[in-house]
Amino acid sequence: MVLSLNVILFLTLHLLPGMKSSMVNLINNAYDGIVIAINPSVPEDEKLIENIKEMVTEASTYLLYATKRRVYFRNVRILIPMTWKSKSEYFIPKQESYDQADVIVANPYLKYGDDPYTLQYGRCGEKGKYIHFTPNFFLTDNFHIYGSRGRIFVHEWAHLRWGVFDEYNVDRPFYISRKNTIEATRCSTHITGTNVVFKKCQGGSCITRPCRRDSQTGLYEAKCTFIPEKSQTAKESIMFIQSLHSVTEFCTEKTHNTEAPNLQNKMCNGKSTWDVITNSVDFQNTSPMTERNPPTRPTFSLLRSKQRVVCLVLDKSGSMSLEDRLIRMNQAAELYLIQVIEKGSLVGMVTFDSVAKIQNHLTRITDDNVYQKITANLPQEANGGTSICRGLKAGFQAIIHSNESTSGSEIILLTDGEDKEINLCFEDVKQSGAIIHTIALGPSAAKELETLSNMTGGYRFFANKDINGLTNAFSRISSRSGSITQQAIQLESKALNITGRKRVNGTVPVDSTIGNDTFFVVTWTIKKPEIVLQDPKGKKYKTSDFKEDKLNIRSARLRIPGIAETGTWTYSLLNNHVSFQMLTVTVTTRARSPTTPPVTATAHMSQHTAHYPSPVIVYAQVSQGFLPVLGISVIAIIETEDGRQVTLELWDNGAGADTVKNDGIYSRYFTDYYGNGRYSLKVHARGRDNTARLNLRQPQNKALYVPGYVENGKIILNPPRPEVRDDLAKAKIEDFSRLTYGESFTVSGALPGNHPSVLPPNKITDLEAKFKEDYIQLSWTAPGNVLDKGKANSYIIRISKSFMDLQEDFDNATLVNTSNLIPKEAGSKENFEFKPEHFRVENGTKFYVAVQAINEANLISEVSHIVQAIKFIPLPEDSVHALGTKISAISLAIFGLPMIFSIF
């Protein structure tokens, strides 16, 4: 039986755990364990804490009524940074961290507004990553702009928790309805207002005029703004304009505006926000509360981050002697201690086989002498059995011995072996409050390792054939405090299999956001190579400048003095041995300035577990601070348990697996399953040939900025939002390189080898249509043969004058002749035009169009969103009159020109 894509994606969304390690639980109608974390760069201010509490308290009541008495907030943990003073009422956190928080409070990078938003790049119904509030949002009065903070929190919570989208559209604020009226993009249509153009503004008052029709589009002119009435009777919708006093509900099936060209309709196939919310996991087993008394007010726990405490728990059992595993582990551990762990951290080390030994109690990392005291105790021999529990308990003892609490401390557990008794220490692990990051080395590492990571909120990694896998995994385990400028950044991790007496050359770009604490590390398998490194100004470093460690672990390291020069560094390695040997090059650095965030890259899969044939999605986020980085190459390498590698180019094109174009989230479906077991993920992001740029546009999925309200027939304006200059809107950045390792995921249900896919092409989500003379021109991003890979076999295009007919009975709508349309490779831009046959076309005729793709196995994609094309004949500019300002009374006159319009 072949599962439909809808069924497969439903299983993917609802049965498999997501990647974000949120600690939120819904118990007896109440949310517990919400973490709100304050960034270390935010100055200490008691008012910030007070206003966060007030926001959540108000939001709890608003949420209860918005969800028809189903859910409210009961317990919230506020994570205070170490940069704030210690107080008696502050507790030590357990597994709470800034990087895993549900809500972050942080300054925006490049101060151009305090719009609250949710980082949300999954499919409809999938949870978001975090809500971002700025300190200024809490410390200034912006009630008139966004509404009360509690209402805003509920708006953003719906993004974060239930995966719904906004019901307005800044880029497409108006549309032409099926009733031939121009409407503001909103839900519900019961919300009334005025459409005006601001001619001149001074102080708090403006001279306005009615909006005019644009003769080229048939819509209102670009500067036309919808101003809502302050006094409304409509109760919906929270995802459009929560600031209105009357708005207390989400749009339901009855009140939902299916025509509005907003992201909710596009992403959720025209479903209302309430339909999506009630189908969420939260609501599946949650009934409305019958008790009429209001629930208790939320309680708050204040937690203050502590200094970082890390204990390495390293396997030295007999199997570690295979495939140079012990040497690879020591190379990676040494790199972690010297180049990755933040200065000032407390670090200990335990080694274990069938017994465990504390090699180092906690030691504060301050200088090279401290590193050497720890690295000197890295194991030199591998023997004995494997007792993971004894290793973990020794790790706890090493922490406690130094009068530190295990609560909130981190353990990095690396093992290649199995331990049948590992489950015996699960309860001890839970009680410890420690965070356990696990690194599974090789195909036989204990299957329970992921359980340890999952129960403690730690990372999970897998390394096998990739000789740099361990180094990459260790490099990923940075502090989760939110201090990005202190974290190590990996620029390069390359393995080179070089023939005897041959030389290999390479380059590494160092951009101006980095350069502190820069290391070049070279490793070898047989004999040390000849090394030449040259900086952008021509200064050369030779083999003698690279410091070889005293542990005989076949690595040499150069720390660049001061700040590394900006530009392209070149290296040359000569294999001095007579035969092949494997050489590796690893480059790490840190931010150049504590005030300028570096370009960073992170990567993860959409799920920790995958079951064949369900697809999973690879995500990589590339940003500078909170600004997306665009125009770059992002390559993912996924390695199976038997060492097979699959390479994917990730895209930020708003098609296929990618939800939003140009948001700095690069995505792609992964379906190439080669057997069961653990799979690893590595991503390389590169900005080349001066194509990289920052996107300074305001993020999507945010509370609507309201320019003003109509009160008693008079427009009352709010302060204007700060604007970004056009020349800054897409600021260029230099060429750069970033390498990041994602957490591992586990595949089940797949037999060895590759298999014919049972998946169709992906749904087309960026279809556009317009009239040009007598022809309708379509454009979209080509899907693949299997989702977004390969190319489709053919297209089905259907057309109708009735939106409902196309939506409800697509298969019986008029078929367009596509015999001359040959599908392109996935990700390419498709363009197609046709003349509507068998239809009478006159001025003002509307057509609705949708597309499906068919692959070589005759599997058919979902129907695309529906687009509208209207035949307009332009009138001279002076004959285009201003229209009425009440949106409910605006009638569509028949003039204008072709318009591009997407309904959903």
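Entry 1, the second largest pocket. I worked from a predicted model. I looked up the volume of the second largest pocket and found about 410 Å³ of space in it. I counted 17 residues in its lining; Glu334, Ile338, Gln372, Lys547 and Arg557 lie nearest the centre of this pocket.

At least two residues each come from α10, α11 (368–375), β26 and β27. The most is given by α11, with four residues.

I searched the whole structure and noted seven cavities of 30 Å³ or more. The largest cavity holds about 90 Å³ of space. I found 14 residues lining the largest cavity, and Gln331, Ala332, Thr471, Thr523 and Thr584 are those nearest its centre. By class, I recorded seven polar, four nonpolar and three charged residues in the lining of the largest cavity.

Which element gives the most to the lining of the largest cavity? I found that α10 does, with five residues. The elements that each supply at least two residues to this lining are α10 (325–340), β23, β27 and β29 (581–591).

I traced the strands β23, β27 and β29 into an open sheet of five strands, ordered β21-β29-β23-β27-β26, with antiparallel pairing. Its edge strands are β21 (489–498) and β26 (547–548), each of which pairs on one side only. Within this sheet I examined β23 (residues 514–524) and β27 (residues 555–559), which run antiparallel and are joined by five bridges. Val521 stands opposite Arg557 in β27, and I had already listed Arg557 among the residues nearest the centre of the second largest pocket.

I then looked up the pairing of β37. Strand β34 (residues 633–639) runs antiparallel to β37 and is joined to it by seven bridges; here Ser633 stands opposite Arg686. Strand β41 (residues 736–748) also pairs with β37 in the antiparallel sense, over 10 bridges. I noted Thr746 in β41 as the bridge partner of Arg678.

Methods:
Residues are numbered from 1 along each chain as its sequence is written. This is a predicted model: local features need pLDDT of at least 70, side-chain atom pairs count only at pLDDT 80 or more; totals for chains, interfaces and linings use all residues. Side-chain values use heavy atoms; hydrogens and water are left out. Two strands pair if DSSP finds at least two bridges between them. On a 1 Å grid over the protein atoms alone, a cavity is a set of points where a 1.4 Å probe fits but cannot get out, and a pocket is an open set with protein on both sides within 12 Å along at least five of seven lines; lining residues have an atom within 4 Å of a point. Grid points are joined across faces, edges and corners, and a volume is the space filled by probe spheres set on the points. Ala, Val, Leu, Ile, Met, Phe, Trp, Tyr, Cys and Pro count as nonpolar, Asp, Glu, Lys and Arg as charged, and the others, Gly among them, as polar.
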